[in-house]
Amino acid sequence: MNYKTKKIAMLGVLAALSYLSVVLINIPVVSVDFLKYEPKDVVIALGGFMFGPLPAALLSVVVSLLEMVTISSTGIIGCVMNILSTWGFACVAAVIYKRMHTLKGAVIGLIAGCLATTALMLLWNYLITPLYMGLTREAVAAMLLPVFLPYNLLKCAMNAALTMLIYKPLVNALRRANLLEGASAAKAGTRNLGIILISVLVVATCVLCVLVLRGVI
């Protein structure tokens, strides 16, 4: 099997995993019902890091369309918002990582993706949410800081931390299995402990914040 065929097969697997993550994991974050956490952007960001921003963009479109026709209740508006959100996170991170193919580049890319998605979603929620929820634009504007801002920051921070935890061991495993091009994984056991600890801390902090926002603690 040549590399092009392996790449297509891997993208198919990533699309399936991303879709399944939406079906199986759907966690309420704030009081608005349609604002839930699902880790599909983690899978798509991993695809962007491995194969580049364009495959990540295509994965986002495919998965969002599948959501729309199968499990989503938000229709075309939800589909568009899903695509834009994932493009902001996964594609921005992949573009920067492609230009700066280092640990530093991955961190900068994910931070930039978090900021881009948060800004993009605040703007698009202000523009689109009144159409979807049947609220006045003034009412939606009043929700931007207390609802949409923390939701997007928490979602993006969680996705960035999980991407950092998963990416390196996943790539090393795929290279050992000869499913991904690149240098051999001779140093697969020497992971950056600092990155692991920071990523775990971010995940734990995000979970704690969600529990507080939901009134659980």
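Author: A helix here is a DSSP run of H or I that covers at least four residues, and helices are numbered from the N terminus. The model is a predicted one, and the part to look at closely is helix α1, which spans residues 3-24.

Two packed helices are described by the angle between their axes and the distance between the axes. For α1 and helix α2, which takes in residues 40-51, the angle is about 165 degrees and the axes are 8 Å apart. Because angles over 145 degrees count as roughly antiparallel, α1 and α2 are roughly antiparallel to each other. The crossing in which α1 passes α2 is left-handed. On the α1 side the contact is made by Tyr3, Lys7, Met10, Leu11, Leu14, Leu17, Ser18, Ser21 and Val22, and on the α2 side by Lys40, Val43, Ile44, Gly47, Met50 and Phe51. Sorted by class, the contact of α1 with α2 has 10 nonpolar, three polar and two charged residues.

Two residues of α1 can be followed individually. Serine 21, which lies in α1, has a relative accessible area of 9% and is therefore buried. Apart from its neighbours within four places in sequence, serine 21 is in contact with Glu38, Pro39 and Lys40. Between serine 21 and glutamate 38, which are 17 residues apart in sequence, the C-alpha to C-alpha separation is 6.5 Å. Valine 13 also belongs to helix α1, but with a relative accessibility of 44% valine 13 counts as partly exposed. Its C-alpha atom is separated by 10.0 Å from that of valine 43, 30 residues away along the chain.

Helix α1 also packs with helix α3, residues 53-70, at an angle of about 40 degrees, and the axes of this pair are 10 Å apart. The relation of α1 to α3 is therefore oblique, and α1 passes α3 in a right-handed crossing. From α1 the contact draws on Lys7, Leu11, Leu14, Ala15, Ser18, Tyr19 and Val22, and from α3 on Pro55, Leu59, Val63, Leu66, Glu67 and Thr70. By class, the contact of α1 with α3 is made up of nine nonpolar, two polar and two charged residues.

Serine 60 counts as buried, at 1% relative accessibility. Once its neighbours within four places in sequence are set aside, serine 60 is in contact with Ile44, Asn82, Ile83, Thr86 and Trp87.

After α5 comes glycine 134, which has a positive phi near 70 degrees. In α6 the bend is about 65 degrees, at leucine 144, and here proline 146 follows within four residues.

Most residues other than glycine have a negative phi. Asparagine 178, which follows α6, has a positive phi near 60 degrees, although asparagine 178 is not a glycine. Its place is in the loop between α6 (137-176) and α7 (193-213), where asparagine 178 is exposed, with a relative accessible area of 52%.

Conventions
Residues are numbered from 1 along each chain as its sequence is written. This is a predicted model: local features need pLDDT of at least 70, side-chain atom pairs count only at pLDDT 80 or more; totals for chains, interfaces and linings use all residues. Side-chain values use heavy atoms; hydrogens and water are left out. Axes are lines fitted to C-alpha atoms, for helices over the stretch in contact, and angles run from 0 to 180 degrees between N-to-C directions. Angles under 35 degrees count as roughly parallel, over 145 as roughly antiparallel, 65 to 115 as roughly perpendicular and the rest as oblique. A crossing is left-handed if the near helix is turned anticlockwise from the far one by less than a right angle, and right-handed if clockwise. Contact means heavy atoms within 4.5 Å. Ala, Val, Leu, Ile, Met, Phe, Trp, Tyr, Cys and Pro count as nonpolar, Asp, Glu, Lys and Arg as charged, and the others, Gly among them, as polar. Buried means under 20% relative accessible area, exposed over 50%, partly exposed in between (1.4 Å probe, protein chains only). The bend at a residue is the angle between axes fitted to the seven residues ending there and the seven starting there.
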